[in-house]
Amino acid sequence: MKYPYFIVNLLIIFLFAINSQAQNHFQKAFTGFGFDHMNINVLEAKIAGTNLQQGDEIGIFDGSLCVGAVRLTQSLGSFNDQTLAVAIVSKVDEGKDGYNVGNQIMFKLWDSSSQTEFEVSSPIVA
């Protein structure tokens with residue numbers, strides 16, 4: 001009778017291992033909800049001409065500080081598709097990390113299938 005319990009426990013451990021593998025590549029510097037958010041709506045993003053796919057990520061950086069990130073739950077289509085990803089970016093608050101108004105922010109992309117990070121060359125000003 002111990003055998004079924006062993007299988008159940010093994011299954012629980014396996015599911016926990018899968019869940020821990022699903023951690024995001026980009027880790028936001030702020031914890032919790034953040035402060036004075038800026039939403040960045042990404043309508044189109046491509047790596048080598050291919051739309052980002054489910055599981056890929058977009059990271060938003062103020063210098064080397066990751067101030068926001070989003071992991072895609074579905075593939076991004078073309079600009080006219082109306083599919084979008086929303087990244088919530090946190091502003092600096094007392095004692096917390098976030099973007100500084102007036103700084104350039106950079107984007108990085110994570111291709112989950114090739115386990116490769118790409119830096120986007122065109123910064124924007126927050």
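In this predicted model, aspartate 111 lies in strand β7, which spans residues 104-111. Aspartate 111 is buried, yet it has no salt bridge. The nearest side chain of opposite charge belongs to arginine 71, and it is 11 Å away. The side chain of aspartate 111 instead makes a polar contact with the side chain of serine 114, at 3.2 Å. Beyond its neighbours within four places in sequence, aspartate 111 is in contact with Ile47, Asp56, Thr116 and Phe118.

Salt bridges do occur elsewhere. The structure holds two of them. One joins the side chains of glutamate 44 and lysine 46, with an N to O distance of 3.7 Å. Glutamate 44 has 39% relative accessibility and so counts as partly exposed. Lysine 46 is also partly exposed, because its relative accessible area is 41%. Another salt bridge links glutamate 117 to lysine 108, where the closest N and O atoms are 3.8 Å apart. Glutamate 117 is partly exposed as well, at 38% relative accessibility.

Strands β4 and β5 were examined next. Strand β4 covers residues 57-62 and runs antiparallel to β5. Six bridges join the two strands. The strands form a hairpin, with two residues between them. Glycine 63 sits in the turn and has a positive phi of about 65°. Strand β5 comprises residues 65-71, and five of its seven residues are buried. Strand β5 is therefore largely enclosed by the rest of the structure.

Methods. Residues are numbered from 1 along each chain as its sequence is written. This is a predicted model: local features need pLDDT of at least 70, side-chain atom pairs count only at pLDDT 80 or more; totals for chains, interfaces and linings use all residues. Side-chain values use heavy atoms; hydrogens and water are left out. Buried means under 20% relative accessible area, exposed over 50%, partly exposed in between (1.4 Å probe, protein chains only). Helices (H or I, at least four residues) and strands (E, at least two) are DSSP runs, numbered from the N terminus. Two strands pair if DSSP finds at least two bridges between them. Lys and Arg count as positive and Asp and Glu as negative; His and the chain ends are not counted. A salt bridge is a side-chain nitrogen of Lys or Arg within 4 Å of a carboxyl oxygen of Asp or Glu. A polar contact is a pair of N or O atoms within 3.5 Å; within protein, one must be able to donate a hydrogen and the other to accept it, and residues adjacent in sequence count only if both atoms are side-chain atoms. Contact means heavy atoms within 4.5 Å.
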